[in-house]
Amino acid sequence: MTNNNKDNEKLNLLTIKELEDLLKISRRTIDRYCKNPDINFPKKIKIGKNSRFKRTEIEDWLENQRLVAM
């Protein structure tokens with residue numbers, strides 16, 4: 001495991017690929033969610049050229065989406 005992956009695990013950060021797999025959506029959809037303020041999608045964290053998302057913020061957003069749908 002690389003140093004970068006260990007750092008992501010400590011901070012509980014998700015890569016775009018991990019987020020795609022978790023939410024079962026494409027990168028393009030993630031980009032659209034990030035650009036649309038009405039969706040209130042968690043902000044990405046830029047680390048150099050890479051983007052990461054806090055797992056806790058994604059989980060909170062998912063829970064909120066579930067509650068709104070009820």
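Predicted model: local features only at pLDDT ≥ 70, side-chain atom pairs only at ≥ 80, totals over all residues.

Visitor: What makes β1 and β3 count as a pair?

Guide: Two strands pair if there are at least two bridges between them. β1 and β3 have two bridges, so they meet the cut-off. Leu13 stands opposite Lys54 in β3.

Visitor: How do you know that β2 and β3 pair?

Guide: β2 and β3 have three bridges, and at least two are needed, so they pair, in the antiparallel sense. Ile45 stands opposite Arg52 in β3. β2 and β3 form a hairpin with two residues between them, and Gly48 in the turn has a positive phi of about 65°.

Visitor: Why are β1 and β2 called edge strands?

Guide: The open sheet has three strands in the order β1-β3-β2. β1 and β2 each pair on one side only, and they are the edge strands.

Visitor: Is Ser51 buried or exposed, and how do you know?

Guide: Ser51 has a relative accessible area of 10%. Buried means under 20%, so Ser51 is buried. Ser51 sits in strand β3. Leaving aside neighbours within four places in sequence, Ser51 is in contact with Leu14, Thr15, Ile16, Lys44, Ile45 and Lys46.

Visitor: Why is Asn12 called partly exposed?

Guide: The relative accessibility of Asn12 is 34%. Buried is under 20% and exposed is over 50%, so Asn12 falls in between and counts as partly exposed. Asn12 is in the loop between α1 and β1. The C-alpha atoms of Asn12 and Lys54 are separated by 6.2 Å, although these residues are 42 apart along the chain. Leaving aside neighbours within four places in sequence, Asn12 is in contact with Phe53, Lys54 and Arg55.

Visitor: How much of the chain is buried?

Guide: Buried residues make up 26% of the 70 residues. The accessible surface of the chain comes to about 5,400 Å², with 49% of it belonging to carbon and sulfur atoms.

Visitor: Which residues of α2 are buried, and what puts them on the same side?

Guide: In α2, Ile16, Leu19, Glu20 and Leu23 are buried. They cover an arc of only 105° around the axis, which puts them on the same side of α2. An α-helix has 3.6 residues a turn, so residues three or four places apart point the same way. The buried residues of α2 pack against β1, α3, β3 and α4. α2 is followed by Lys24, whose phi is positive, near 60°.

Visitor: How many aromatic pairs are there?

Guide: The structure holds four aromatic pairs. In one of them, the ring centres of Tyr33 and Trp61 are 5.8 Å apart and the planes are at 50°.

Visitor: Why is the pair of Tyr33 and Trp61 called tilted?

Guide: Centres within 6.5 Å make a pair, and 5.8 Å meets that cut-off. Tyr33 lies in α3 and Trp61 in α4, so the pair ties together parts 28 residues apart in sequence. Tyr33 counts as partly exposed at 24% relative accessibility, while Trp61 is buried at 9%.

Visitor: What makes the pair of Phe41 and Phe53 edge-to-face?

Guide: The planes of Phe41 and Phe53 are at 65°, which is over 60, so the pair is edge-to-face. Their ring centres are 5.8 Å apart. Phe41 lies in the loop between α3 and β2 and Phe53 in strand β3, so the pair ties together parts twelve residues apart in sequence. Phe41 and Phe53 are buried.

Visitor: Which residues form the aromatic cluster?

Guide: Tyr33, Phe41, Phe53 and Trp61 form one aromatic cluster.

Technical notes: Residues numbered from 1 in each chain as written. Heavy atoms only, no water. Buried < 20%, exposed > 50% of the residue type's maximum accessible area, 1.4 Å probe, protein only. Areas by Shrake-Rupley, 256 points an atom, 1.4 Å probe, with all protein chains shown as cover. Helix = DSSP H or I, 4+ residues; strand = E, 2+ residues; numbered from the N terminus. Contact = heavy atoms within 4.5 Å. Arc of directions from axis to C-beta. Phe/Tyr/Trp six-rings, centres within 6.5 Å; stacked < 30°, edge-to-face > 60°.
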